[in-house]
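Reader: I am new to this one, could you walk me through it slowly?
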Amino acid sequence: SDHMENIYGYLMKYTNLVTGWQYRFFVLNNDAGLLEYFVNEQSRHLKPRGTLQLAGAVISPSDEDSHTFTVNAASGEQYKLRATDAKERQHWVSRLQICTQHHTEAIGKNNPPLKSRSFSLASQGSANSPGVQRRPSQNAVSFFNVGHHRMSTGKRVPMMQPDHLVDVREMMSQAEGQQRDLIRSIECLPVSGHLTSLDQDLLMLKATSMATMNCLNDCFHILQLQHASQQKGSLPAGTTISWLEPKISLANHFKNGAAQNFPAEINKPASVREEQSVAEPCQLARVLSQEAEEINPDEELEDVCDDKEDDLGAVEEQRSVILHLLSQLKLGMDLTRVVLPTFILEKRSLLEMYADFMSHPDLFIAITNGTTAEERMIRFVEYYLTSFHEGRKGAIAKKPYNPIIGETFHCSWRMPKADVATDAGSNSSAQSPSEQVTLSKDLESQTELDYYTVKFVAEQVSHHPPVSGFYAECVERKMCVNAHVWTKSKFLGMSIGVTMVGEGLLSLLEHGEEYTFSLPCAYARSILTVPWVELGGKVNINCVKTGYSASINFHTKPFYGGKLHRVTGEVKQNTTNTVVCRVQGEWNSVLEFTYSNGETKYVDLTKLSVTRKRVRPLEKQGPFESRRLWQHVTESLRDGDIDKATEHKRALEERQRNEERLRAETETPWCTKYFLKEGDGWVYHKPLWKAVPATQTQQTDTN
């Protein structure tokens, strides 16, 4: 009983992102099983500012620091609290846990079995909602419209038909609507009086009704698996199995808690239904037997899509949504599994964004034209630093689509040979804009010998963690680059940080050289006002054979003063520790290269010619190629229809979750299409270094 005394004192309570932490006076009422708080100790005699029912609650010390802990009530409400030190936190946590355990056990001892309780799902006010009233004769079997089959000797149980499973799902969705109405009715009750929203019986009813619906949903999924396995056994070999998608989304259909009579298919846009039926909702059989498609660059046409991301309207209109989202996050939280609102999305996939880093193929091809190892390293640094500017679409920070596992993106570039630098003195940026336009117009009429082709392919090889692989090659110049990137995003308060975990490898097969490189971190700043992007962190480029390396620092803007987008770096010869080139400037503006001989070169990124990539038309793309896969989301965003874009995006994500769950339960590994896992990385299945002549391969192997 000594541990059950009432305790009180000041704690800091996290209110929201705007208000932050505030001191409040807390009182633990052990007799009532309540945690109450007041503005201060003087207002203790007044009505509490907030009250939590501790029965069924979870008390959790936070791993953020030694002072913070959370109280998660059975109702779903949460208090995030902070004590003055670790000792005081332990005192509060232990007392709260004792009180919680005492009142939770009391509920179990003092309440009769559920079947004798006066509360039931069917008897609540929600049963009066239009379209969800149950007929008196409608028992459990008829409610779910599932016939019972007796097992007789020598007879096989009839296979459940797909229509029956759809009927079951629709009935379950109606029950879900009733359950939501019930919870809403309970939460709308007053906090004091004869029957309150904190009544122990009602809290128990809320918890058990939710658990029941979750259990029913799991059972239904087992039926789907059984039906799929039976169907698989009865179909001819090689037939693709289509996963049975629910017609009504259990989690999302009843947005306002009200059930409806009409079929859910009518509610969805036609293109969403197309995504679920035409684009193979279950790709398991397809993936196991698929062959990597070789894309013919001649089928690709110059890209005419030009989606700039300078529109602030949607961000300003949806600021309340952003505030609500931020209030649910905590510092350092991994955002990999957090579903972000649709209006902050770019109109392209992350895989296509990686392709846009190759928008200066002339600088890429010119790397291998360097006459010395020193010159080739400097050229690579120049190409590397100029690649990030075009990777961003406009000044506004928006997020590209998270690629679906198995999603691919293909494109290529045709670069006139006359535009590629062949010696240290030439620079492709010296051409006038009119000359560049003329060259672009004449590109189609040039013969094969007049231009180089750079081919690009990217694939989402993993969903959790999200890993992308991409590969580019120029066969004529015997050079290729292979990279894999794991994007790890974290919430940093007023910004979001994205760490690009992974490594790239540039192979210059003519010289037998390999250059390893990493990628900087990206930050979305000022997410409540005008969001913008900056890069930060240190990256390294290294060539073991030549002994040259480069160290590049992307500087984030300090709190006071300083320039935006600043970058500095140096190239050195490791054996002599001699710096042969220094670079400084802004990665999205002007870069200054200073060489060891005293010469200086300026590169103005805003004036560099951008070579448009070539992409196959949508009608020739496969169902899992980025632009075709996301075409309805992109079209809705262009039209400014955020709700429609959200529906299309949700349909794709739901399909991916269902497929992932099916693979986990059947213990079927995911089979990639273009990339193979080697150690901790991913490598393109047909890299150029495997296709070069034997003499070239031997030269590479000896390095």
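Author: Let us start with a term: a residue is called buried when its relative accessible area is under 20%, exposed when it is over 50%, and partly exposed in between, with a 1.4 Å probe and protein chains only. This is a predicted model, in which local features need pLDDT of at least 70 and side-chain atom pairs count only at pLDDT 80 or more, while totals for chains, interfaces and linings use all residues. Residues are numbered from 1 along each chain as its sequence is written, and side-chain values use heavy atoms, with hydrogens and water left out.

Reader: OK, what share of the protein chain counts as buried?
Author: Of its 703 residues, 47% fall in the buried class.

Reader: And how many helices and strands are there?
Author: The protein chain has 17 helices and 26 strands, taken as DSSP runs numbered from the N terminus, with at least four residues (H or I) for a helix and at least two (E) for a strand.

Reader: Switching topic, where does N597 lie?
Author: N597 sits in the loop that runs between strand 22 (590-595) and strand 23 (600-604).

Reader: Is N597 buried or exposed?
Author: N597 counts as exposed, because its relative accessibility is 55%.

Reader: What does its side chain reach?
Author: The side chain of N597 reaches the backbone nitrogen of E599 at 3.0 Å. As for V580, which is 17 residues from N597 along the chain, the C-alpha atoms of the two are 8.4 Å apart.

Reader: Then what about N658, buried or exposed?
Author: N658, which is part of helix 16 (residues 642-666), counts as buried because its relative accessibility is 5%. Its side chain makes a polar contact of 3.3 Å with the side chain of R661; such a contact is a pair of N or O atoms within 3.5 Å, where, within protein, one must be able to donate a hydrogen and the other to accept it, and residues adjacent in sequence count only if both atoms are side-chain atoms.

Reader: How many cavities of 30 Å³ or more are there?
Author: There are 5 of them, a cavity being a set of points on a 1 Å grid over the protein atoms alone where a 1.4 Å probe fits but cannot get out, and its lining residues having an atom within 4 Å of a point. The largest cavity holds about 190 Å³ of space, and among its 14 lining residues, F357, Y383, S387, F470 and F517 are the closest to its centre.

Reader: Which helix gives the largest share of that lining?
Author: Helix 12 (residues 373-391) does, with 5 residues.

Definitions and conventions
On a 1 Å grid over the protein atoms alone, a cavity is a set of points where a 1.4 Å probe fits but cannot get out, and a pocket is an open set with protein on both sides within 12 Å along at least five of seven lines; lining residues have an atom within 4 Å of a point. Grid points are joined across faces, edges and corners, and a volume is the space filled by probe spheres set on the points.
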